[in-house]
Amino acid sequence: MRNPPEDHYLAVWIWPRALPLGEIFGAEWHGREVRARFLTLASQWHARHPAPSSGTVPGRPQPGQWMWHPPAHCIYDCHTYEGPDDDWLEVTIRMENADYSPGQCRISAALAVACKCDGGHGQHTIVETQWRSGGPSAALDALTTVLRSTDQWLSGSREPGWWRRHAGLD
């Protein structure tokens with residue numbers, strides 16, 4: 001992840017099968033069917049977005065791991081597509097508790113490119129989608145929709161320069 005949240009240092013990389021979904025999102029997430037469906041979606045996400053061929057780097061996540069942020073009751077993952085001249089495109093998915101609505105979950109995705117402005121913002125978000133749902137079934141339906149959105153975005157191009165031109169950032 002190129003531009004993690006400020007409190008990213010509190011998060012840990014973890015395999016999806018080890019995520020304590022019940023602790024993160026509530027007791028309804030302890031069911032075997034819920035876990036199986038989540039793991040299927042996580043596997044599909046990684047199958048569609050292969051890891052870079054450069055291999056694993058010590059201290060960095062291994063392909064297939066997600067970031068778990070315990071204090072924020074949040075999990076997220078991203079795929080970065082490198083371009084020439086230190087340019088990059090990043091697709092991020094995120095699931096988190098909606099603190100103001102018990103039992104609600106926010107599921108979102110964003111596609112961003114590297115910032116090349118003089119001010120150096122870090123990144124520019126080109127497109128994003130966000131859903132809020134109650135209960136694991138609805139949340140996993142929303143995650144399915146979010147993952148389809150990322151597929152549609154990337155069917156246009158996985159090249160950062162293409163997205164930069166598309167958004168008028170050149």
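**View 1. The β3–β4 pairing around C78 and T92.** In this predicted model, C78 has T92 in β4 as its bridge partner. The two strands concerned, β3 and β4, run antiparallel and are joined by nine bridges. They form a hairpin with five residues between them, and within that turn D85 has a positive phi of about 55 degrees. β3 is mostly covered, since seven of its nine residues are buried.

View 2. Three bridges pair β2 with β3 in the antiparallel sense. Across this pairing H69 stands opposite C74 in β3, and W68 stands opposite I75 in β3. Four residues lie between the two strands of this hairpin, and H73 in the turn has a positive phi of about 50 degrees.

View 3. Six strands make up an open sheet with the order β1-β2-β3-β4-β5-β6 and antiparallel pairing. The edges are taken by β1 (12–14) and β6, each of which has a single partner strand, so one side of each is left without a neighbour in the sheet. On average, and with direction ignored, neighbouring strands of the sheet are turned by 25 degrees against each other. Along the sequence the chain follows the pattern β-α-α-β-β-β-β-β-α-α, with four helices and six strands in the chain.

**View 4. Helices α2 and α3 against the strands.** Helix α2 lies across β2, β3 and β4, and runs at about 15 degrees to β3. Helix α3 lies across β3, β4, β5 and β6, and runs at about 155 degrees to β6.

View 5. When residues up to four places away in sequence are not counted, M95 touches F25, W29, F38, H73, C74, I75, C105, R106, I107 and L143.

**View 6. R106, a buried arginine in β5.** R106 has its place in strand β5 (residues 104–114), and it counts as buried because its relative accessibility is 17%, where the cut-off for buried is under 20%. Leaving aside neighbours within four places in sequence, R106 is in contact with R94, M95, E96, N97, A98 and Y100, as well as with Q130, W131 and R132.

View 7. With a relative accessible area of 19%, T129 is buried. The side chain of T129 makes a polar contact of 3.3 Å with the side chain of W131. Beyond residues up to four places away in sequence, T129 touches I107, S108 and A109, and also V146, S149 and W153.

**View 8. The whole chain, for context.** Of the 170 residues in the chain, 44% are buried. The chain exposes about 9,200 Å², of which carbon and sulfur atoms supply 49%. Among contacts between residues at least 6 apart in sequence, 58% join residues at least 24 apart.

Note on methods:
Residues are numbered from 1 along each chain as its sequence is written. This is a predicted model: local features need pLDDT of at least 70, side-chain atom pairs count only at pLDDT 80 or more; totals for chains, interfaces and linings use all residues. Side-chain values use heavy atoms; hydrogens and water are left out. Buried means under 20% relative accessible area, exposed over 50%, partly exposed in between (1.4 Å probe, protein chains only). Contact means heavy atoms within 4.5 Å. Accessible areas come from the Shrake-Rupley method with a 1.4 Å probe; for residues, only the protein chains shown count as cover. A polar contact is a pair of N or O atoms within 3.5 Å; within protein, one must be able to donate a hydrogen and the other to accept it, and residues adjacent in sequence count only if both atoms are side-chain atoms. Two strands pair if DSSP finds at least two bridges between them. Axes are lines fitted to C-alpha atoms, for helices over the stretch in contact, and angles run from 0 to 180 degrees between N-to-C directions.
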